[in-house]
Amino acid sequence: MVLGTAAADEGGREAVAGSVSANATAISSEQVEPPDSWFKLDALDLNVYGFSYHPDRETVHRLNLDNESNPGLGLHYELSDTERGTTFAEIGAYQDSGSNLAKFAGLGYQFKLAKRWRIGGALAIVHSQTYNDGITFLAMIPLITYDMGRVKLNATYLPKLGHYNEVDAFGFYISIPFGQFAR
C-alpha cells in the first residue's frame, strides 16, 4: 500500500508524493547514458610515412643508407589537448634509409606555437637493423607539425649520433585525422 498520491509530470511519468521514504524518486523508462569512453576517435590520426633527406650525400652513398623513399604506417593518439599543447602516444613502422623495417613506439609533447603550428618531440623506443647495430634503443625525436585540418604535415630531424645513427636525416610524413570520417 502506497501512502500519498501519484501525480503525472510533464513527460507523462508518474511520481509518488508523500511516500514512506523521504527521498522518493521518479520512476522512469529512460535509458541511462553510458559513461564517456576513454577512447576518442577524434584524437586518433593515421600517419603515412613518406620520405627523408640526408644532407651528407657522400656518406649516405658510401654507407648504402641513401634510401629516401620511406613508406610506412603508424597511429598517433592525442592523450590530452589543451590550449598550451598536446600530449600524445605514437606507434609505427616504415622502411628506413638502409631499406630495413624500422619499428618504434613513443610518448611525446608538442607546444602550440600558433593556431596551426606545433613543435616538440617524443621519447621513443626504436628498433631496426640499420640503427645501433640492430639493437633496440631509446631516442629523443624532435617533431614539428603544421595542422591543415584535414591533413597534418610533419617533419622530424634525426641527428647523427655515433653508432646509433651514422648520418643525419630529415623525415617527412602526413597525418590524417580519423575523426573527420566519423562526422
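Me: Hi! Where does Asn 132 sit in this chain?
Reply: Asn 132 is in the loop between S7 and S8 of this predicted model.

Me: Is Asn 132 buried or exposed?
Reply: Asn 132 counts as buried, because its relative accessibility is 6%, under the 20% cut-off.

Me: And what about Asp 133, buried or exposed?
Reply: Asp 133 is exposed, because its relative accessible area is 61%, and exposed means over 50%. Asp 133 also belongs to the loop between S7 and S8.

Me: What is the phi of each of them?
Reply: Asn 132 has a phi near 50°, a positive value in a residue that isn't glycine. Asp 133 isn't a glycine either, and its phi is positive too, at about 55°. For background, most residues other than glycine have a negative phi.

Me: OK, zooming out. How many helices and strands does the chain have?
Reply: The chain has two helices and ten strands. Going along the sequence, the pattern reads β-β-β-α-β-β-β-β-β-β-β-α.

Me: How many residues is that, and what share is buried?
Reply: The chain has 183 residues, and 32% of them count as buried. As for contacts between residues at least 6 apart in sequence, 47% join residues at least 24 apart.

Me: What does the pLDDT look like?
Reply: The chain has a mean pLDDT of 84, with 79% of its residues at 70 or more.

Me: Where does pLDDT stay under 50?
Reply: That is the case over residues 1–29. The model has 24 contacts beyond four places in sequence for that stretch. Where pLDDT is low, the predicted coordinates should not be read in detail.

Me: New topic: cavities. How many of 30 Å³ or more turn up?
Reply: Searching the whole structure gives one cavity of 30 Å³ or more. The volume of the largest cavity is about 60 Å³.

Me: Which residues line the largest cavity?
Reply: Its lining consists of Asp 45, Asn 47, His 76, Glu 90, Gln 110, Arg 118, Leu 143, Thr 145, Lys 152, Asn 154, Tyr 173 and Ser 175. By class, that lining has two nonpolar, six polar and four charged residues.

Me: Which side chains make polar contacts with the Thr 145 side chain?
Reply: The side chain of Gln 110 makes one, at 3.1 Å. The side chain of Asn 154 makes another, at 2.8 Å.

Me: What else is in contact with Thr 145?
Reply: Setting aside neighbours within four places in sequence, the contacts of Thr 145 include Arg 116, Trp 117, Arg 118, Lys 152 and Leu 153.

Me: On to pockets. What is the volume of the largest pocket, and how many residues line it?
Reply: The largest pocket has a volume of about 670 Å³ and a lining of 40 residues. Tyr 94, Tyr 131, Ile 141, Thr 156 and Leu 158 are the ones nearest its centre.

Me: Which element gives the largest share of that lining?
Reply: S8 does, with six residues. By class, the lining of the largest pocket has 26 nonpolar, ten polar and four charged residues.

Me: And the second largest pocket, what is its volume?
Reply: The second largest pocket has a volume of about 200 Å³. Twelve residues line it, and Asp 42, Asp 147, Gly 149, Lys 152 and Pro 177 lie nearest its centre. Strand S4 (69–81) and helix H2 (179–182) are the elements that give two or more residues to that lining.

Me: What's the make-up of that lining by class?
Reply: The second largest pocket is lined by one nonpolar, three polar and eight charged residues.

Me: Last one: where is Tyr 77, and which residues does it touch?
Reply: Tyr 77 is in strand S4. Beyond residues up to four places away in sequence, Tyr 77 touches Trp 38, Phe 39, Lys 40, Ala 43, Leu 44, Thr 87, Phe 88 and Ala 89.

Note on methods:
Residues numbered from 1 in each chain as written. Predicted model: local features only at pLDDT ≥ 70, side-chain atom pairs only at ≥ 80, totals over all residues. Heavy atoms only, no water. Polar contact = N/O pair within 3.5 Å; in protein donor to acceptor, adjacent residues only side chain to side chain. Contact = heavy atoms within 4.5 Å. pLDDT = per-residue confidence, 0-100. 1 Å grid on protein atoms, 1.4 Å probe; cavity = no way out; pocket = protein on both sides within 12 Å on 5 of 7 lines; lining within 4 Å. Points joined across faces, edges and corners; volume = space filled by probe spheres on them. Nonpolar A, V, L, I, M, F, W, Y, C, P; charged D, E, K, R; others polar. Helix = DSSP H or I, 4+ residues; strand = E, 2+ residues; numbered from the N terminus. Buried < 20%, exposed > 50% of the residue type's maximum accessible area, 1.4 Å probe, protein only.
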